[in-house]
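Here's a quick briefing to read alongside the model. Have the sequence and the 3D view open as you go.

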Amino acid sequence: MIAAHLPVLQIVVPLIAAPLCLLLRRGALAWGLALLASWAALAMSVLLLSQVLSDGPVSYALGDWAAPWGIEYRVDSINAFVLLIVSAVGAVILPYARRSVAHEIPAEQHSAFYTAFLLCLTGLLGVAITGDAFNLFVFLEISSLSSYVLIALGRDRRALTAAFQYLVMGTIGATFIVIGIGLLYMVTGTLNMADLAQRLPPLGQNRTVVVAFAFLTIGASLKLALFPLHYWLPNAYTYAPSAVTGFLAATATKVAVYILLRFFFTIFGPEFAIETLTLQHLLVPLAVIAILVCSTVAIFQDNIKRMLAYSSLAQIGYIVLGIGMASPTGLTAGIVHLFNHAMTKGGLFLALGCIFLRVGSVRLESMQGLGRTMPWTMFAFVLGGLSLIGVPLTVGFISKWYLVQAALEQDSWLLAALVLAGSLLAIIYVWRVVEVAYLRPPPAGAAAVREAPLSMLIPTWVLIGASIYFGVDTSLTVGVANKAAVMLLGGAP
Amino acid sequence: MTPAPAILLSLFVPLAGAVLISLSGRWPNVREGVTLVTATVLFLAVASLVPTVMAGGRPEATLIEMLPGLPIYFEVEPLGMLFALVASGLWIANSIYSIGYMRGNNEANQTRFYVCFALALASTMGIAFAGNMMTLFVFYEALTLTTYPLVTHKGTPEAMRAGRTYLGILLGTSIGLQLLAILWTWQIAGTLDFTAGGILSGKASGPIVGVLLLLYMYGIGKAALMPLHRWLPAAMVAPTPVSALLHAVAVVKAGVFTVMKVVVYIFGIDFLRDSGQNQWLMYIAAATLLIASLVALTKDNLKARLAYSTISQLAYVVLGAALATSWGVIGGSMQIAMHAMGKITLFFCAGAIYTATRKTEISDMAGLGRAMPFTFGAFLIGSLSIIGLPPLGGAWSKWYLMLGAAETGEILMIAILMLSSLLNVAYLLPVVARGFFLPAPQPASVGAAAAPARGGIEEAPLLCVVPLFLTAFGCLMLFFFADPLYRLLEPIALP
């Protein structure tokens, strides 16, 4: 009985919990409720994924209104996977958030923080689950608006400008997306994705359709921070509270990538996107530039949070590169990297949050000697860094393996070499931190630094542990990603 | 095909050892006891596989399916058997030596040192027993990362710089070139299993073979083929036991071992020879061999000289592989064992000299032989083995390499091998001669305790001297008991 309503509960539970958090007012109570809601969301997404894997796509008519009139929630292997990523990261970060938020945000704002957090979670889950194009926009706005709030809560005053910057760019992106959806509605008269997918191909290279495609591409690229539309991301990540950075880095851009995938492959179809409009000629070069330029910029950052933000941009480049190659292997690489990067980068940002809690800074020079004083945190950071480099037995290696394989399948030697060159740049920016933390003594006269509390260490290690575990046993991640890739390219779901 | 728990045991014993060592860090004697027990158990586990492999068996074990069609899979074949035996056996000697050296020099962070050492050995076992290229690559990278803390052990700016070179070259080449080569092989052959006769024959041809070989040979940075050899001299900043076991045996041998594996089981020697692409590799190996020897002549720092000597001796193995003949492969493989035994002796001696006298420069060592006769005697034996003179083990590997060169009719290679032996004489024996025959310099100010009594023996701590005595004896034994070695290696070269 309740299993039949899983798709809607996935959204409703965090959505209802959000205003309740505000009503509770007491920070600790709000946190408890948010924690329960996020764990419930995780449980539901796990159930949904297993249901999709065993029985195929799940369709749910909201309020029992049949599809063309009502809103349809449709879960297949790709968005079940995205749901899992988002809800898992949310469920891991909330236990962490308590100490971190208590340290970084004034007490009277705590219930507001958890409200915004849950709204953001709801929005991201909603974008992933819905089968209705306009509904997707609505959820996107929910997640975006709440994330502007979350970023602005950062202690540094620059968080305000960062949030404002993101607000402007994000709104432009969302507006582009809604214009694209509007144009599609104009020519097809439907907002349901499945209907859109049926009605668009007969229209062929209709100019309105092409314009809609352009608007959607640019809108989604803005949200996922594809080079050169990435301007908002480094500041937003740097100045947001630690828990927020961890959450957004692991989920927000991933959901934006999902939007791109959904529009390209399900709605417009691979023939239109790839063969007619040859989108790969746009995506692949931009992705490669993102990988090389952003990795290089990362090397020169002294604020490690900002360094990781640039590294994220490069990693987004890997994901988009996989998508741009538009082959089953390439798409598998892109989709599996959604998960892999979420685990790794989430874990890394959480480790930085631990450092911020104890040291009060995430600048490179303040990390001297931390290998000795915060051994568990730093070791988690090292493992996450190895995953960014792509060392075997980490998830980063799996992503690179498929990515390079996809490049070799298409005989693009250059791409293969460039992907690996990105890894070499990662060695440099990761090892700058390792050297300072392990080979420099703690600065003389500095206050003694203790290891981070367990409530923060455990979530950090859960994400880092996941980025090791799924680097060794890849049957789940690669299996689902492969299935999703085949489905998106028009094979059997 | 026999499943063998001993394989997994030899992976997990050093890992468990590492955990126990870190737990017992507070009690140095217990900690060193754990190291010694671990090393001994590991050696026994490895040795228990020998009879099966000698009888033609290929014990195997699968750990987990990492990617579809690419499991973490182990299969013991003669080459890996030899490498594992050498590494695990010498770890025992090295552990004894480490105790003497680390305590004698009051090194800091000894627990971390022993933990990393055990982890490095676990990685080495993984490389030795790897049944496919993927598994080998996984442990190859693990070896780089676990030895990094050993190289930067001292934590000085100099150690940090050396660590950068070390990691930059080893990680850079393996990810940038070797991984690409592995993926390409996977693309062409559809398998990465080590297979007798190779997996590329009939699937690749022409210049592709050459490019692939180039990617592999320079991707295996641990083989220290010039010009990617800089990491090895840089790594000498590490404490001497690290230089002795890791940078004369485990790490560098892992490099040339991988070269051998790739040539024998990925390309296949017949395929490689027929493709003609082994020619340039032969010349690069020969050039490395000569240039490194010449550079060694110019080094006054004993460890630096030994490092360049290692680069040169590693090139022998690569040369053996590049000859792509049965004798070449046997000679190259034997060189792995023979050079390991000889070079670890030399490093032990260098460390013993440092522990006893704090001297690192050869020019300062005049007359030291009379104070440290055992050390310098062992140094002489090790040197002669490296040079390749009977009755020492090194003679055999040089002999088979010569045979291999003769088999292919490469007169030039024979000449280079002979010239190189002469160069070995020129850079190794003066150390001994200076120690024994030159008079010790008189200290400028003669204080009461400044000059030791002439003729008095002042050796390093016993725990430093015993291991080097053992390994020097080992060099001798390898000459008389080379036959089992030959029979072990025969099947890979003469199928």
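This is a predicted model: local features need pLDDT of at least 70, side-chain atom pairs count only at pLDDT 80 or more; totals for chains, interfaces and linings use all residues.

Residues are numbered from 1 along each chain as its sequence is written, while chains are lettered from A and ligands numbered from 1 in the order in which they are written.

**Chain A overall**
- Chain A comes to 19 helices and two strands (DSSP runs numbered from the N terminus: H or I of at least four residues for helices, E of at least two for strands).
- Its radius of gyration is 21 Å, close to the 23 Å that the globule rule gives for 493 residues, so chain A is as compact as a globular protein of that length (taken over C-alpha atoms; the rule is 2.2 Å times the number of residues to the power 0.38).
- Along the principal axes, the C-alpha atoms of chain A fill a box of roughly 75 × 55 × 40 Å.

**Helices α4 and α5 of chain A**
- The axes of α4(A) (residues 110–129) and α5(A) (residues 133–152) come within 7 Å and cross at roughly 150° (lines fitted to C-alpha atoms over the stretch in contact, with angles from 0 to 180 degrees between N-to-C directions).
- That makes α4(A) roughly antiparallel to α5(A), a label for angles over 145 degrees.
- The α4(A)–α5(A) crossing is left-handed, meaning the near helix is turned anticlockwise from the far one by less than a right angle.
- Among the residues that meet here are A:F117 and A:L124 in α4(A), and A:F139 and A:L150 in α5(A) (contact means C-beta atoms, placed from the backbone, within 7 Å).
- By class, the α4(A)–α5(A) contact has twelve nonpolar, six polar and no charged residues (Ala, Val, Leu, Ile, Met, Phe, Trp, Tyr, Cys and Pro are nonpolar, Asp, Glu, Lys and Arg charged, and the others, Gly among them, polar).

**Hairpin in chain B**
- Strands β1(B) (residues 60–67) and β2(B) (residues 70–75) run antiparallel, joined by six bridges (pairing takes at least two DSSP bridges).
- B:T62 has B:Y73 in β2(B) as its bridge partner.
- Two residues sit between the strands of this hairpin, and B:G69 takes a positive phi near 80°.

**Where A touches B**
- 22 residues of chain A are in contact with 19 residues of chain B.
- On the chain A side, α17(A) gives the most, with ten residues.
- That side divides into 16 nonpolar, four polar and two charged residues.

Conventions
Two residues are in contact if their C-beta atoms, placed from the backbone, lie within 7 Å. Angles under 35 degrees count as roughly parallel, over 145 as roughly antiparallel, 65 to 115 as roughly perpendicular and the rest as oblique.
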